[in-house]
Amino acid sequence: MIFDIDMIKAVYSRYQSRVEKARKILGKPLTYTEKVLYSHLYSGEPQEAFSRGESYVDFAPDRVAMQDATAQMALLQFMQAGKKNVAVPSTVHADHLVQARVGADKDLQEAINKNNEVYNFLASVSNKYGIGFWKPGAGIIHQVLFENYAFPGGMMIGTDSHTPTAGGLGMIAIGVGGADAVDVMAGMPWELKFPKLIGVKLKGKLNGWTSAKDIILQVAGLLTVKGGTGCIVEYFGEGAESLSATGKGTICNMGAEIGATTSLFAYDKNGADYLIATGRSELVTLADNIKEDLRADQEVYANPEQYFDQVIEIDLNILEPHLNGPFSPDIATPISKMKEVAEKNGWPLKVEVGLIGSCTNSSYEDISRAASIAKQAVEKGIKSKAEYTVTPGSEMVRYTVERDGYLETFEKIGGKVFANACGPCIGQWAREGADKQEKNTIVHSFNRNFAKRSDGNPNTYAFVGSPELITAIAIAGDLTFDPRKDKLLNEKGEEVMLNAPEGNELPPKGFEVDDPGYQAPAQDGSEVKIEVEPTSERLQLLESFPAWDGKNITGARLLIKAYGKCTTDHISMAGPWLRFRGHLDNISNNTLIGAINAFNMEANKVKNEISGEYLSVPDSARKYKSEGISTIIVGDNNYGEGSSREHAAMQPRHLGVRVVLVKSFARIHETNLKKQGMLALTFVNPEDYDKIKEDDIFNFLDLDQFSPGKSINIELIHSDGSKDIITTNHTYNQGQIEWFKAGSALNLIKQNEAK
Ligand code: F3S
């Protein structure tokens, strides 16, 4: 058995008493979201009510999931913690590094050849530390999690933004950075600002050409890409109960596109049926015992305005199929309006490619409904005008839909089946001619459609829709095609129409798979050796950062005074650098190369005081480091906003930076700096930013008395001999000061582990 029934038993055994306690403390009926959150407090039983949108709360997730791109640094760090095993069940999924080019088998083999050392590393670390490893070709992380691990009432974090997919089965599942995954795997708490709650009431029932995807496409249109920030979206109502579990998964998946922390559906009959169909009857028996608390209290759904911060209502009876795009998933256009809107905006109407699948839409239901359209095209003698591709989400779905003849149907309309991996969704698509950057339109059933996302061409207009609609539009080759009323000409020149799609929520003959692609970890991994070639370009074992010597930092130099916006992308750029994610020294060559130097307003050109020359930021940092000189980064407001990537803190630390002093921090980055043993400080007087000169020497005056709530003074010696003293604040609590003393949070865990 792949899923961990004992862990689930433990979660359920304490679930209801904690819910009851929370209900008492809050003195009101509870939403489902609150039940799951209050039953997963790191401190155990609920003791206090938290303020939505304000309180920072420590949670204890039940599971951790990682995809191969983000897992590399997460596991390299975890190895530093000195633990024998992960503290909670965890999995790694090899899905992001497979490029879609000619078709599943060849592409997969090529990925294995190209990424062999990364895959071997991930497999052996997983084997050693008790982590389940899903090999390349096994499937896309969220689909595999949905089929094997998601469970109602549970909590999971995953190092990928679309982790919320598991909300379709009633699990609070949240996308996080690698550092958070490391904390939870090492047994530390995971902190989250207690979210606000948005309730979405679904009335009526889907019909005809509409699908679950259209619900989230409309929600995205209503709330926009920012509307869900800091919120959990809870769906309810008769419409919610009528959706398949995988349809709910699609909706939760794309909650990421409105910036929601996660999205959630209650446990219901369809959820139970899906769990049984995927081999988890035992879990259903357990869930049924507590099912009244695997949903909100009745009063909540009766008077949602009283219990949610915002309520939206959608009537599924009249919901239309949508296409969202181009360049943003929240530009929602019902297909009846597409002709008018597309012509007005000058969007290219001819559709070049239709792509279905991905982690968003590759359930059995999705594939069978899309195949019903393809089948009609074959039977009615219509040739597909656009190219057509299918990316299955898992080997289990692929095997089952192949058995049931659907892949063959797609091939009959010229469809190409790619590997069970992210492929075109993450730009891993060797699309012929994309480099010519011609203006063109594609339609797909994925989730994101930002410029360049799929094929790297900034002039590709990508529209998002349900797999069945995408199939119909690909066949028509026309963005404005409305299959509910428009006709197509077949090979005989006759006018024909496509009937509304039909499909099965679950395979009538059951799911089947030959080799799911799973590697279970060793029972005792202590003998497993982790080999990383010292000459490797892509992987490098980490060395512990040095502990603090307890003394004031003196004689430090300015590495860069960053001007204006400095996001984690400015600090550690993505793009081509992603291939070095598992090699700290190599990826450090991108450190702050996007930041603007406040003294010359140029990027990646800073003065090095040892040589007097202007160098790139990484070169200058390395020069100071080789001379044993500590360095400081100075920044503006909201320094480190953007993603939660831990590289943005690890890289400067690796290059010898000791302190980041800014007007204000983005909170996650500030925490990441603390975890890596850096000193994260803010100016008491933001104008002191202006006092800092390019050639200053920095002497700390009272860091040796580092304690919670106590400011820290720094003396600046300017090149003309004059001096300034500036006062800085910090937000370290005693525990975080211990991280600083030890050199990093992981060093501290290791020390404690060794005791
Ligand atoms: Fe992969 Fe795209 Fe999903 S990158 S995890 S298929 S959003």
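Biologist: In which helix is Glu670 found?
Modeller: This is a predicted model. Look for the helix that spans residues 667-675. Glu670 is found there, in helix H23.

Biologist: Is Glu670 buried or exposed?
Modeller: Count the other C-beta atoms within 10 Å of Glu670: there are 23. A residue needs 20 or more to count as buried. Glu670 has 23, so the class is buried.

Biologist: Which residues does Glu670 touch, not counting those up to four places away in sequence?
Modeller: Leave out the residues up to four places away in sequence. Glu670 then touches Gly640, Phe665 and Ala680.

Biologist: How far apart are the C-alpha atoms of Glu670 and Ile571?
Modeller: Along the chain, Glu670 and Ile571 are 99 residues apart.

Biologist: Which UniProt annotation covers residues 558-685?
Modeller: Over this stretch the chain is 27% helix and 22% strand. Its end C-alpha atoms are 19 Å apart. The name comes from an unreviewed UniProt entry: "domain: Aconitase A/isopropylmalate dehydratase small subunit swivel".

Biologist: How many charged residues does the contact of H3 with H6 have?
Modeller: H3 brings Thr70, Met73, Ala74, Gln77 and Phe78. H6 brings Gly178, Ala181, Val182 and Met185. By class, the contact has six nonpolar and three polar residues, and the charged ones number no residues.

Note on methods:
Residues numbered from 1 in each chain as written. Predicted model: local features only at pLDDT ≥ 70, side-chain atom pairs only at ≥ 80, totals over all residues. Helix = DSSP H or I, 4+ residues; strand = E, 2+ residues; numbered from the N terminus. Buried ≥ 20, exposed ≤ 12 C-beta atoms within 10 Å, placed from the backbone. Contact = placed C-beta atoms within 7 Å. Nonpolar A, V, L, I, M, F, W, Y, C, P; charged D, E, K, R; others polar. UniProt positions renumbered as here; feature names shortened; annotations may be inferred.
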